[in-house]
Amino acid sequence: MTRKPPRKTILITAGPTIEPLDPVRFLSNHSTGRMGFELARQAKRKRYKVILISGPTALVPPKGIRFVRIKDARQMKKEVLRFFKRADCVIMTAAVSDFRPAAVSKQKIKKASKDTVYLKLKRNPDILAALGRKKGRRILVGFSLETNNPIENAREKLKSKNLDIIVINQAAKGLDPFGRGAKDVAIVDKNGKMSVLKGRSKRSIARLIIENIEDYRM
Ligand code: C5P
């Protein structure tokens, strides 16, 4: 009798993080979470164990996966590190806020009499870069969204964060990477292989990303 190999685990992050300023205001990034949720669905379809860690979104997570809801970048980092040990692959689609307000007011900040209010911001941890430093045999996949020189910038991120694969979106005039509809993306791996996908749905992009990961080593 042949025994089936154990199912591999894919950890996926999705959505934005929100960084509170006071009880009613926050700093965040545009992100619907759609890419990460679609990846979770496609990975589940291919029988992987899936852990999805998401910031606030309006989406319903697929059934049969482990789902963890977080709000800010530091909570996301804590949850990602908690599940990292058991993951064979991590796909970071989350639009993590690079900065957070240096102080969180307990009360709603009053409209100042001045026209200009200055906000002091602190750098948030780079979760993916931290994973890159201790990845072991895991496959690490990052996302990159740039308005200028997307390919060059993404190649640089692939190297500096010690990634295996990076998925490149471009936000520019006429190119809307957010939410529904057809998107253009490029997938680059650390051996320099690049696939360009034009006018694809997020479902089709998610399928191809999972296939790329499988071709690569899984
Ligand atoms: O450096 P940049 O933010 O463009 O890199 C994007 C990649 O890094 C994405 O995969 C994103 O999820 C991840 N990231 C992160 N922690 C941050 C910022 C980005 O894990 N603070």
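Glu 214 and Lys 46 join their side chains in a salt bridge, 2.8 Å from N to O, where a salt bridge means a side-chain nitrogen of Lys or Arg within 4 Å of a carboxyl oxygen of Asp or Glu. The pair links distant parts of the chain, 168 residues apart: Glu 214 sits in helix 5 (residues 202-216), and Lys 46 in the loop between helix 1 (34-45) and strand 4. Keep in mind that this is a predicted model: local features need pLDDT of at least 70, side-chain atom pairs count only at pLDDT 80 or more, and totals for chains, interfaces and linings use all residues. Residues are numbered from 1 along each chain as its sequence is written, and side-chain values use heavy atoms, with hydrogens and water left out.

**Salt bridges**

- The count comes to nine salt bridges.
- Glu 214 is partly exposed at 22% relative accessibility, and Lys 46 is partly exposed too, at 36% (buried is under 20% relative accessible area, exposed over 50%, partly exposed in between, with a 1.4 Å probe and protein chains only).
- Glu 146 and Lys 157 also meet in a salt bridge, at 2.8 Å from N to O.
- Glu 146 lies in strand 9 and Lys 157 in helix 4 (residues 150-160), so this pair ties together parts eleven residues apart in sequence.
- Asp 164 meets Lys 190 at 3.2 Å, N to O; Asp 164 is in the loop between helix 4 and strand 10, and Lys 190 in the loop between strand 11 (183-189) and strand 12.
- Asp 164 is buried, with a relative accessible area of 0%, whereas Lys 190 is partly exposed at 45%.
- Glu 38, Arg 41 and Arg 203 are linked in a salt-bridge network.

- Eight strands form an open sheet with mixed pairing, in the order 5-4-1-6-9-10-11-12 (strands are DSSP E runs of at least two residues, helices H or I runs of at least four, numbered from the N terminus; two strands pair if DSSP finds at least two bridges between them).
- Strand 5 (66-69) and strand 12 (194-200) are the edge strands, each pairing on one side only.
- Strand 9 (residues 139-146) and strand 10 (residues 165-170) pair in the parallel sense over six bridges, and Ser 144 has Ile 168 in strand 10 as its bridge partner.
- Helix 2 (residues 73-84) lies across strands 1, 4, 5, 6 and 9, at about 175° to strand 1 (axes are lines fitted to C-alpha atoms, for helices over the stretch in contact, with angles from 0 to 180 degrees between N-to-C directions; contact means heavy atoms within 4.5 Å).
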